[in-house]
Amino acid sequence: MDERRTAICEAVLDLAAEGGNRAVTHGAVDKRLDLPKGSTSYYYRTRADLLAAAIGRLRERSREEFDRAVPRAVDPETAADAMAAQLHLLLTDRRRDALARYALAPDAAAEELAADLATCLFSVPLASGLFAALGTVDPDRAAADLVSLLEGLLFDRLYGARSLGPTKSEAESIADLRGPIRRALNYGA
């Protein structure tokens, strides 16, 4: 992806995280990046094209972060630590990405991009591989359940009851996330 397209995608994610899905327009991206009017639509003709590119950028960033954090050893303790750290990252340094993902959900569904958006932060196939390596009886089912758990943990801490509590330190946050993840990794063992 060239520099201008990347900047446009990042601006879409910023706008969505800050103002919701209605804040994302070609004109708003032009304005945010101080581009001449019509520049964004030159690169992404339709709103669906613009959303698809931003979702692709979100997937790319998630994959890069995951690849950096993936443990070399496959055991429940190490896997739980890595997943909790990745969730914590989505609640802190990558909070904008998580907020943008939720903000873009209604438009993604309307533009037939729901599957792309739903899978841009968490991967059922990668989780299935983890469960298979751990010797789980039904790795695909365990993986689907784990991803649902991760989704719920993220949403709860962004918008749910746990978002209302006091701010936690990094160590407290990771420990709090690690517990349910570790229990889920015992699934089917």
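Reader: How many aromatic pairs does a search of the whole structure find?
Author: The search finds four aromatic pairs. Please note that the structure is a predicted model.

Reader: What kind of pair do Tyr102 and Phe155 form?
Author: Tyr102 and Phe155 form an edge-to-face pair, with 5.3 Å from centre to centre and 80° between the planes. Tyr102 belongs to helix α6 and Phe155 to helix α9 (residues 139-158), so the pair ties together parts that are 53 residues apart in sequence.

Reader: And what about the rings of Tyr102 and Tyr159?
Author: Their centres are 5.9 Å apart and their planes stand at 80°, so this pair is edge-to-face. Tyr159 is in the loop between α9 and α10 (170-185), while Tyr102 is in helix α6, so parts that are 57 residues apart in sequence are tied together by the pair.

Reader: Which residues do ring pairs link into a cluster?
Author: The cluster consists of Tyr102, Phe155 and Tyr159, linked by ring pairs. Phe155 is partly exposed, with a relative accessible area of 40%. Tyr159 is also partly exposed, and its relative accessible area is 43%.

Reader: What sits over the ring of Tyr102?
Author: The charged end of Arg101 does, at 5.6 Å from the centre of the ring. Elsewhere, Arg5 lies over the face of Tyr44, and the distance to that ring centre is 5.3 Å.

Reader: New topic: how many disulfides does the structure hold?
Author: The structure holds zero disulfides. Cys9 is in no disulfide, and its nearest cysteine sulfur, that of Cys120, is 12 Å away.

Reader: Is Cys9 buried or exposed?
Author: Cys9 counts as buried, because its relative accessibility is 0%. Cys120 is buried as well, with a relative accessible area of 2%.

Reader: On to the helices. What span should α4 have?
Author: Helix α4 covers residues 47-69, which is 23 residues, and at 1.5 Å a residue it should span 33 Å. Its end C-alpha atoms are 33 Å apart, so the two values agree.

Reader: Which residues of α4 are buried?
Author: The buried residues are Ala48, Leu50, Leu51, Ala53, Ala54, Ile55, Arg57, Leu58, Ser62 and Glu65.

Reader: What do they pack against?
Author: The buried residues of α4 pack against α1 (3-19), α2 (26-32), α3 (39-43), α5 (76-91), α6 (95-110) and α7 (114-118).

Reader: Where is His88, and is it buried or exposed?
Author: His88 is in helix α5. It counts as buried, at 9% relative accessibility.

Reader: What does His88 touch?
Author: Not counting residues up to four places away in sequence, His88 touches Glu170, Ser173, Ile174 and Leu177. The C-alpha atoms of His88 and Ala175 are separated by 9.8 Å, although these residues are 87 residues apart along the chain.

Reader: And which residues is Arg95 in contact with?
Author: Leaving aside neighbours within four places in sequence, Arg95 is in contact with Leu89, Leu90 and Leu158. Arg95 lies in helix α6 and is partly exposed, with a relative accessible area of 33%. Along the chain, Arg95 and Ala17 are 78 residues apart, and their C-alpha atoms are separated by 8.6 Å.

Reader: What is the phi of Asp34?
Author: Asp34 has a positive phi of about 55°, although it is not a glycine. The residue is in the loop between α2 and α3 and counts as exposed, at 70% relative accessibility.

Reader: And the phi of Glu112, what is that?
Author: Phi of Glu112 is near 60°, again a positive value in a residue other than glycine. Glu112 is found in the loop between α6 and α7, and at 74% relative accessibility it counts as exposed.

Reader: Last one: which residues does UniProt list for the domain?
Author: UniProt, in an unreviewed entry, lists residues 75-171 for "domain: Tetracyclin repressor-like C-terminal group". Over residues 75-171 the chain is 71% helix and 0% strand, and the end C-alpha atoms are 21 Å apart.

Notes
Residues numbered from 1 in each chain as written. Predicted model: local features only at pLDDT ≥ 70, side-chain atom pairs only at ≥ 80, totals over all residues. Heavy atoms only, no water. UniProt positions renumbered as here; feature names shortened; annotations may be inferred. Helix = DSSP H or I, 4+ residues; strand = E, 2+ residues; numbered from the N terminus. Expected span 1.5 Å × (residues − 1). Buried < 20%, exposed > 50% of the residue type's maximum accessible area, 1.4 Å probe, protein only. Contact = heavy atoms within 4.5 Å. Disulfide = S-S within 2.5 Å. Phe/Tyr/Trp six-rings, centres within 6.5 Å; stacked < 30°, edge-to-face > 60°. Lys NZ or Arg CZ within 6 Å of the ring centre and 35° of its normal.
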